[in-house]
Amino acid sequence: KTDRMEVEEALKKSESSYRSLIEEAPYGICRCTVGGSFTLVNRALVRMLGCENESDLLGLNLGVDIFDDLRDHARFIGWLQEHGSVEGVETQWKQRNGKTISVHLGGRALRDLRGQIAYFEVIAEDVSERKHLELQLRQSQKLQAIGQLAGGVAHDFNNLLMVVKGHMELILGSMPQTDPLYPRLDQVQKAANRASSLTRQLLAFSRMQVLQPQILDLNVIVSGMIQMLAR
C-alpha cells in the first residue's frame, strides 16, 4: 500500500511538472481531438489567439475557428496522420478579433493501444513580427538596388550633360547677346544646368556622392523655371 501511494505521489508530481512546463512555455501548445476540438491549451496560446481565458479557447475548433484557410488545416492534419509528426509548417491563423497572424507549426499524432489516433499535440510560434521584419529587409534591399541603378544611370547621363554644357558655353561665348537665337540657347544652357543638378541629387540618393547642404534662394529658383513652365 505504501509503494502504491508513493507511485501515485510520483505520478502527481510528474503530471504537475509536465503541466507547469506546458504553461510556462513561450510557444503556444495545445492538444486536440481528431475532429479539432481543444482538450488542453496553455497560456501562450490563449494570448496568441487573443482569447480572454482558457475556457474561451477550449470552446473553439482548430480547423473551423483557428486556421484561416481550411485547406491548410486539412493538409496539416493529413501530414500528421500519414507521418506521425511534422515540423516547419507555415500558415495563417485567425485571432478572436478577426486579425490574421503568421504561425510556424509543428505537431505529432498520439495513438492509443489499438493504434488509432487518440489526439494531436500542436506547437505554434507567432512569426508575424519576423515576417514583417523580413518584408522590411526586402524592401530595403530593393531600394538599395534602385539606388545603385539610379546612380549608374545618373553618372552616364551627367557625362552626356557635360558635353552639352561645354558646347553651349562655347557657342554662347562666341555669340553676341543681341543675336535672336541667344535667349533660346541660353534657356538650353540653364536647362542643362538644372538637369546636372538633378543628376547630382540622384548620385547623392544612390550614395555615390556626398551630400552638400546649401542655403537656397527659392525666389531665384522659381523665377528661373518660369519660362520652362510657361511653355
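Start with the hairpin of β1 and β2. Five residues lie between its strands, and Gly36 takes a positive phi near 100 degrees. The model is predicted: local features need pLDDT of at least 70, side-chain atom pairs count only at pLDDT 80 or more, and totals for chains, interfaces and linings use all residues. Residues are numbered from 1 along each chain as its sequence is written, and side-chain values use heavy atoms, with hydrogens and water left out.

Now select the strands themselves. β1 is residues 28-32 and β2 is residues 38-41; they run antiparallel, joined by three bridges. Strands count as paired if DSSP finds at least two bridges between them. Click Cys32: Phe38 in β2 stands opposite.

Next, pick Thr33, in the loop between β1 and β2. Is Thr33 buried, partly exposed or exposed? Thr33 is partly exposed, at a relative accessible area of 27%. (Buried is under 20%, exposed over 50%, partly exposed in between, with a 1.4 Å probe and protein chains only.) Show its neighbours: leaving out residues up to four places away in sequence, Thr33 touches Thr39 and Phe120. Contact means heavy atoms within 4.5 Å. Then look at Glu121: its C-alpha atom is 9.0 Å from that of Thr33, although the two are 88 residues apart along the chain.

Move to helix α5, residues 70-83. Its 14 residues should span 20 Å at 1.5 Å a residue, and its end C-alpha atoms are 20 Å apart, which agrees. The expected span is 1.5 Å times one less than the number of residues.

Select His73, Phe76, Ile77 and Leu80: these residues of α5 are buried. Look down the axis of α5: the buried residues fall within an arc of 95 degrees, so they line one face of the helix. That arc is taken from the directions from the helix axis to the C-beta atoms. What covers them? The cover includes α4 (62-66), β3 (85-94), β4 (100-111) and β5 (117-126). Turn to the face away from the buried side for the exposed residues Arg71, Glu82 and His83.

Check both ends of α5. Asp69 caps the N-terminal end, with a side-chain oxygen 2.9 Å from the backbone nitrogen of Arg71. After α5 comes Gly84, with a positive phi near 90 degrees.

Finally, zoom out. The chain has eight helices and five strands. Of its 231 residues, 30% count as buried.

Definitions and conventions: Helices (H or I, at least four residues) and strands (E, at least two) are DSSP runs, numbered from the N terminus. A polar contact is a pair of N or O atoms within 3.5 Å; within protein, one must be able to donate a hydrogen and the other to accept it, and residues adjacent in sequence count only if both atoms are side-chain atoms.
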